[in-house]
Structure formats: structure tokens, C-alpha cells
Amino acid sequence: GLLLGVDRYRIELASAGSTLVLGDPASPVRCAGEDRSTPPLDLTTLPTICSRVGIDLHPVRLDDPVQLRWLEACLWPDVPGRVERFRTAVAALREQPPRVRRADMVDDLPATIAAAAAPQATGHHLVVFSSWALTYVPRSRRPAVARALRDVATGGMPVSWLSAEPSGCVPGIPVPAGLTAGDSATVLGARRWRAGRELAPIAWGTCHPHGQWIDLSSDAVEGGG
């Protein structure tokens, strides 16, 4: 569940001549990457997160040293700073750990949404995020994620499914120019429902699988997405 604490980390995106800082500037957890977008991304803050919950078939508790040692052993050893960042994130979130349900990301998504704090509250926006997770789900089961979100959206609440998955992995997300379905490039895309109706799915651009860089289209950067 460490990704659920993104707003509690210092996030740095470097572009030509400047660095955009988001999240908590004073956080000991520092996530840095390169913004290759033209023009560069222009944000002032992250949205306020009212409630968050994750789904994992085998969640790891942040107060279980045995499970944490196993998870740390899974980190690639040739990426400088990754182990240190992992340990710092665990320490930062241990006292108030993110809520992670032992569940299946397809079959149990509706129940997970229902269990979230005040999911139908006025003014709330439901955001579902998947990053290199759907690619491990059989292709025949993937459309069920969109169906579950469509059902939630029928009540009128804004719903967005943000994805960072391989090209052609997320049903409905167009394949960016220059890529082919099944390409290993990570596509940043979204399926969105507003006032009970789905907007056209969109591919905002591409990124490194582990966030070392992002490259968004000019429409996405300027708010067209």
C-alpha cells in the first residue's frame, strides 16, 4: 500500500530549467523523475484525498518485519536508492498505514468501493489507479473493471480510472502513435465517467514503468485531457 501515500511524499519532476515539487516538500521520502513533456507539466498541488483503500491478494503489513524483509528482497538490486526509499516510506507510513484489503482487483472491486469511506458523499470524486497490475489479469476479465466503475457512476458521482499499463492492456484506451498493442511501453491513460455517462477514453502519453520519466501529450499538459 505504499503508493497510496503519494501525497505524503516529496515528488520532484525535473524539466528544462526547473523542478516541479508536489506532495509534502518536507517529507523524508523523495520520489524524483524527469518530465519530458512539451510543454512541461504545470501543477500547483495534488488533489485532496478524502479516503483511500488498496486491493492486494497478499497484502504486506507494515508492522510485520518478516513480510517486510520478503518484500524488500523482491526489490531490484541494480536501482540506486530504491531500497533506501522503500525503507523510508515504510517508516513514514507505519504509524498510519494505508488500508489494504485482501481481495481480488476484479471480482472484489465493487465491494472495495462500497467499503471506502463515504463513497457517495456530495462533491467526492472516485479515482481508481492501476499500475502494471491489470497486465497480470487474464484479458477476458479486464473489461469487468470498467463495468464495475460504470455501475458506480450511474449515481452521478464523477469516476476516473487512471492507468499506467502496457500498450493495449486497458480495454478502450487508445494506443498512442508510434506504439503497437502489446508494446512494453507504459501508457498513461484514463477512462472517465461524468454525470453517469462515459467520456471518450484517452491516452495522455507514456512513462517509464517505474516512474523515472513521463512524457505527456500537449493536450494533456494544457488540460485538454
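Reply: A charge is taken to sit over a ring if NZ of Lys or CZ of Arg is within 6 Å of the ring centre and within 35 degrees of the ring normal. The model is a predicted one: local features need pLDDT of at least 70, side-chain atom pairs count only at pLDDT 80 or more, and totals for chains, interfaces and linings use all residues. Residues are numbered from 1 along each chain as its sequence is written, and side-chain values use heavy atoms, with hydrogens and water left out.

Arg82 meets the rule for a charge over a ring: it lies over the face of Trp76, 5.7 Å from the ring centre.

Asp104 counts as buried because its relative accessibility is 17%, where buried means under 20% relative accessible area, exposed over 50%, and partly exposed in between (1.4 Å probe, protein chains only). A polar atom of the Asp104 side chain lies 2.8 Å from the backbone nitrogen of Asp107. With neighbours within four places in sequence set aside, Asp104 is in contact (heavy atoms within 4.5 Å) with Ile55, Leu57, Leu109 and Arg141.

Other loops hold backbone exceptions. Most residues other than glycine have a negative phi, and most peptide bonds are trans. The peptide bond from Thr38 to Pro39 is cis, with omega near 0 degrees, and Pro39 is in the loop between β3 (30-35) and β4 (53-56). Trp132, in the loop between β6 (126-131) and α4 (143-153), has a positive phi near 50 degrees. Trp132 is partly exposed because its relative accessible area is 27%. Ala195 has a positive phi of about 55 degrees and sits in the loop between β8 (186-194) and β9 (197-198). Ala195 counts as exposed because its relative accessibility is 68%.

On a 1 Å grid over the protein atoms alone, a cavity is a set of points where a 1.4 Å probe fits but cannot get out, and lining residues have an atom within 4 Å of a point. Grid points are joined across faces, edges and corners, and a volume is the space filled by probe spheres set on the points. The structure holds one cavity of 30 Å³ or more. The largest cavity has about 60 Å³ of space. Its lining residues include Ser163, Cys169 and Val187, and strand β7 (residues 159-166) gives the most to that lining, with three residues.

How values were computed. A polar contact is a pair of N or O atoms within 3.5 Å; within protein, one must be able to donate a hydrogen and the other to accept it, and residues adjacent in sequence count only if both atoms are side-chain atoms. Helices (H or I, at least four residues) and strands (E, at least two) are DSSP runs, numbered from the N terminus. On a 1 Å grid over the protein atoms alone, a cavity is a set of points where a 1.4 Å probe fits but cannot get out, and a pocket is an open set with protein on both sides within 12 Å along at least five of seven lines; lining residues have an atom within 4 Å of a point.
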